[in-house]
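Colleague: Can you walk me through this one? I'd like the sheet, the cores and the helix packing.

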Amino acid sequence: FPRDEKSRDLYIEYTLSRLGSYSNLLFMVGGPEPLLKNHPYLSTEEIDQIARKIKSEDVHGHLLSVHNYTGDDRFMDYPWQDYGILQGPKTTDRQKLSETILRNHHPGRPMYLQETLWPGNKYHPDYALGEVRKNALVMLLTGGTNNFGDMAGKSSSGFSGTIDLSEKVQERHDAIHAVWDLIETLPYYEM
C-alpha cells in the first residue's frame, strides 16, 4: 500500500475501478487493524483522509467502515462510516457482550461483529458449545451481524483459514445454525 498521498490516491482509484462494480462487497479501511495498539500503521487522520477519498471516488456507493481493533468503535460518528465494525469483546460474559455492542451500535447504521465469536482461536475464551449458542443469540438480538469463525489456534487457522470442509468443527456450526434458524422464525424487524 503506497504511503505518499499521490500514489495512495492512484491506488484507491485503481482498486475501485477493478472492484467497484461488484455490489456484494463491503469496504473497510485497513486490514488488519490500522490502529492496533502495538503495531499501528495508519493514524486516525490518515484513516479519515483515506475513507473520505474512497467515499468520494466510489460511484457505486459501497458500504464503508474501518477494521477496528478490540474495543470501542473509534469511528462510530464519522460521517463517511456506513456500518460499524466491532471486534470483541471476546468473552463469555453475555452482559458485557450486550453492553459493549449496544454502546457501540450507531442508531442509524448496521453493526458488523468481526472477530467477536471465534471459538478455537487462541485470543478467545474456550467457548463451550452452549456459550457459542448463547453468545450468538446475544449478538443477533442486540442488532449485530455475526462474522463467525471456526478456528484451530491462530486467526488464520482452522476452517476459517482454509476451504477444506474436513477441517470444520461441525458441532460449532450446528450451534450457530440453530441460532440463525431460531432468529429466522421471529418477526424481530417488527419488534
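**Sheet, cores and packing**

Modeller: Strand β5 is mostly covered, with 4 of its 5 residues buried. Buried means under 20% relative accessible area, exposed over 50%, and partly exposed in between, using a 1.4 Å probe and protein chains only. Helices (H or I, at least four residues) and strands (E, at least two) are DSSP runs, numbered from the N terminus.

Colleague: What should I know about the source?

Modeller: This is a predicted model, where local features need pLDDT of at least 70, side-chain atom pairs count only at pLDDT 80 or more, and totals for chains, interfaces and linings use all residues. Residues are numbered from 1 along each chain as its sequence is written, and side-chain values use heavy atoms, with hydrogens and water left out.

Colleague: What is the strand order in the open sheet?

Modeller: The order is β3-β4-β5, with parallel pairing. Two strands pair if DSSP finds at least two bridges between them.

Colleague: Which strands stand at the edges?

Modeller: β3 and β5 (144–148) do. Each has a single partner strand, so one side of each is left without a neighbour in the sheet. Neighbouring strands are turned by 25° against each other on average, direction ignored.

Colleague: How many bridges join β4 and β5?

Modeller: They pair in the parallel sense over 4 bridges. Met111 stands opposite Gly144 in β5, and Leu117 stands opposite Phe148 in β5.

Colleague: What does α3 touch on the sheet?

Modeller: α3 packs on the sheet and touches β3 and β4. Its direction makes about 150° with that of β4. Axes are lines fitted to C-alpha atoms, for helices over the stretch in contact, and angles run from 0 to 180 degrees between N-to-C directions. Contact means heavy atoms within 4.5 Å.

Colleague: On to the inside. How many residues has the largest nonpolar core?

Modeller: It has 16 residues. Those with the most contacts inside it are Ile101, Leu113, Leu117, Val132, Met139 and Ile176. A nonpolar core is a set of buried Ala, Val, Leu, Ile, Met, Phe, Trp, Tyr and Cys residues joined through side-chain atoms within 4.5 Å.

Colleague: Which elements give two or more residues to it?

Modeller: α3 (94–104), β4 (111–117), α4 (129–141) and α5 (170–185). Another core, of 15 residues, lies apart from it and includes Val29, Leu42, Tyr69 and Phe75.

Colleague: And what does Ile101 touch?

Modeller: Leu86, Met111, Leu113, Met139 and Thr142, not counting residues up to four places away in sequence.

Colleague: At what angle do α4 and α5 pack?

Modeller: About 35°, with their axes 9 Å apart. The residues of this contact divide into 12 nonpolar, no polar and 3 charged. Here Ala, Val, Leu, Ile, Met, Phe, Trp, Tyr, Cys and Pro count as nonpolar, Asp, Glu, Lys and Arg as charged, and the others, Gly among them, as polar. Among the α4 residues in the contact are Leu129, Val132 and Arg133, while α5 gives residues including Glu171, Arg172 and Trp180.

Colleague: Is Glu115 buried or exposed?

Modeller: Glu115 counts as buried, at 14% relative accessibility. Asp126 is exposed, with a relative accessible area of 75%.

Colleague: Where is Asp126?

Modeller: In the loop between β4 and α4.
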